[in-house]
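Trainee: Please take one part of this model and go through it closely. I would like a single connected account.

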Amino acid sequence: MAPLTVWVLAGCLLGVTSAQSTEDNVFWYREAEGELEEALNNEPNRNQAKNIIVFIGDGMGIPTITAARIYKGQQQGKNGEEGHLYFEKFPHVALSKTYNPDRQVPDSAGTATAYWCGYKGNYETLGVDARVSAGQCTASRVKRNSRPCLMEWAQEAGKDTGQSLWAVGGHCGHHCEHKRSAKTPSAHRNWECDEKLGERGRDCVDIARQLVENAPGKLAKVIFGGGRQNMIANLNNTRFAPENPSACKRQDGRDLTQDWLSEKRSAGLSAKFVATTEELRSVNLSQTDHIMGLFGNSHTPYEDLRDKTLGGTPSLVEMTETAIKLLSKNEKGFFLAVEGGRIDHAHHDTKARRSLSETLQFEEAVKRAHQLTSHQDTLIVVTADHSHVMTIQGYPVRGKDILGASEKSRDDGMPYTTLFYSNGPNWNVSWNGSHVVRGDLNGVDTTAWEYTQPSGLKFKEETHGGEDVAIYATGPWSHLFHGVHEQSYIPHVISHAARIGPRADCKALKSDQACAFSSAGPPTRLQAAPLALLLLLVSWMVRPH
Ligand SMILES: *[C@@H]1O[C@H](CO)[C@@H](O)[C@H](O)[C@H]1NC(C)=O
Ligand SMILES: *[C@@H]1O[C@H](CO)[C@@H](O)[C@H](O)[C@H]1NC(C)=O
Ligand SMILES: *[C@@H]1O[C@H](CO)[C@@H](O)[C@H](O)[C@H]1NC(C)=O
Ligand SMILES: *[C@@H]1O[C@H](CO)[C@@H](O)[C@H](O)[C@H]1NC(C)=O
């Protein structure tokens, strides 16, 4: 047989579609020309960033992005591999090294310290540096063990900043992003409400209280997320009943949402607390200074399970849009943090479809934010806190359902899924008398929302992955994301771009010339941080790290 015939035959056997035959050398040359042209037109933007939006896709490692891109295309009837997520077209991309000082594979709290505060923190600690280990309340209160972070950089100072700057810390992982508002650093991510403080945390203030009582949380204009149960005691006596038995329960009898409202109102500010889509939409943003929206007793719901009626929960996209509209009222600009918090949760359950769907919702939120702002004055950074152990395996043919399982193993002749976790709950093997055999996937719908993809090791909860994650950036100074960076580098770029925090006094903004970091200590005077604030919190209950 002539080689050509062999190839054609092989092509037929593999089910090569006609779409691929159009992907000839001319096609790839054209494709490359387009990319080259974009690259050649990619001029650095050295404007001062007025607005900053940071998107954290929790657990959104590179395999998740690749799989989500394919999933997205396949939902539109395409092969999928050739597509892209919106932010993949941002002009600058880099890698971020996510390890904690004390862990090769990080948790979300320590990584949050890196990308919000500009220094790395140990596993399960929030806002404190490597001198504090998880649960060390006393050490967490030692001032030199923390520094002011992005939120603080972005807020107006105005007081005895030297002191309050040092006093600020308290940042946390994906389940409690707004804990970052803490005045007292938190030695443990689990201290989300007073019930969890226990003996070790006796002298620490729980994170929910820090959010409403201390700067920078107290100064935030917008707080959206879940976590009602951390804020409101005796939830069964409120319209939010019933309590979620597995989430932290407030013990001090307080309703922190009411305390937050009265504090704002007594200061003459207009503040709104909302808990449904309808309530959110009824807020007249032009007449509102502060808004708090808590949309779940513990987590906000997954997008596929979300109650999309008016009495239900707004989407991440709607929350992002509302936040930007309210924050844009400030002529001096804003800082907005948006987290796609549940990409991670679905991965921990190895429910791949749900995780990819959450990633696409996150992508939509990025798109909306990009459309509502200008690349001239808005720096948008999209990244992840860490990866997961999901992998894309085998040699599936082009266009094959990314959630599917029809490839057959050469070793045992049985189908296996393309998406696979190196550890997780679905480790389905048995002993047939002489061999270990794995569960037969014939007839199993591996594309179902609730399907748990198989794993190589039996773990009750799937773990994070330790490889680098990507950073995608557009807008002023986004070209400073240009290589393989420590995760703690991210806020320093923001500080340079917006002239806030450690680089508030940098006068060399018109060039790439370096200006000195105030590395000897915190700045003596915090640059009046012109920025309004938002903390968009998607979930804050303690979950797998
Ligand atoms: C609140 O209601 C739920 C559901 O009825 C119940 O399981 C829980 O024990 C109640 N909590 C309290 C503190 O009464
Ligand atoms: C919101 O408030 C502004 C300013 O008071 C007012 O002009 C506008 O009509 C209000 N919008 C709605 C929908 O009520
Ligand atoms: C057990 O599995 C092995 C490997 O797949 C196979 O060769 C063998 O025939 C099986 N034994 C039984 C009893 O099914
Ligand atoms: C495990 O495999 C068996 C046998 O192939 C199958 O019946 C069962 O549903 C599988 N369990 C899970 C959790 O996938």
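Mentor: Of the 545 residues of the protein, 56% count as buried (under 20% relative accessible area, with exposed over 50% and partly exposed in between, using a 1.4 Å probe and protein chains only). This is a predicted model, in which local features need pLDDT of at least 70 and side-chain atom pairs count only at pLDDT 80 or more, while totals for chains, interfaces and linings use all residues. Residues are numbered from 1 along each chain as its sequence is written, chains are lettered from A and ligands numbered from 1 in the order in which they are written, and side-chain values use heavy atoms, with hydrogens and water left out.

The protein has 16 helices and 19 strands, taken as DSSP runs numbered from the N terminus (helices H or I, at least four residues; strands E, at least two). Of its contacts (heavy atoms within 4.5 Å) with a separation of 6 or more, 72% join residues 24 or more positions apart.

Helix 4 covers residues 62-75. Its 14 residues should span 20 Å at 1.5 Å a residue, and the end C-alpha atoms are 20 Å apart, which agrees; the expected span is 1.5 Å times one less than the number of residues. Buried in helix 4 are P63, T64, I65, A67, A68, I70, Y71, G73 and Q74. These buried residues pack against helix 14 (342-348) and helix 15, and also against strand 8 (387-388), strand 9 (390-392), strand 12 (419-424) and strand 17 (469-474). Just after helix 4, G77 takes a positive phi of about 80 degrees.
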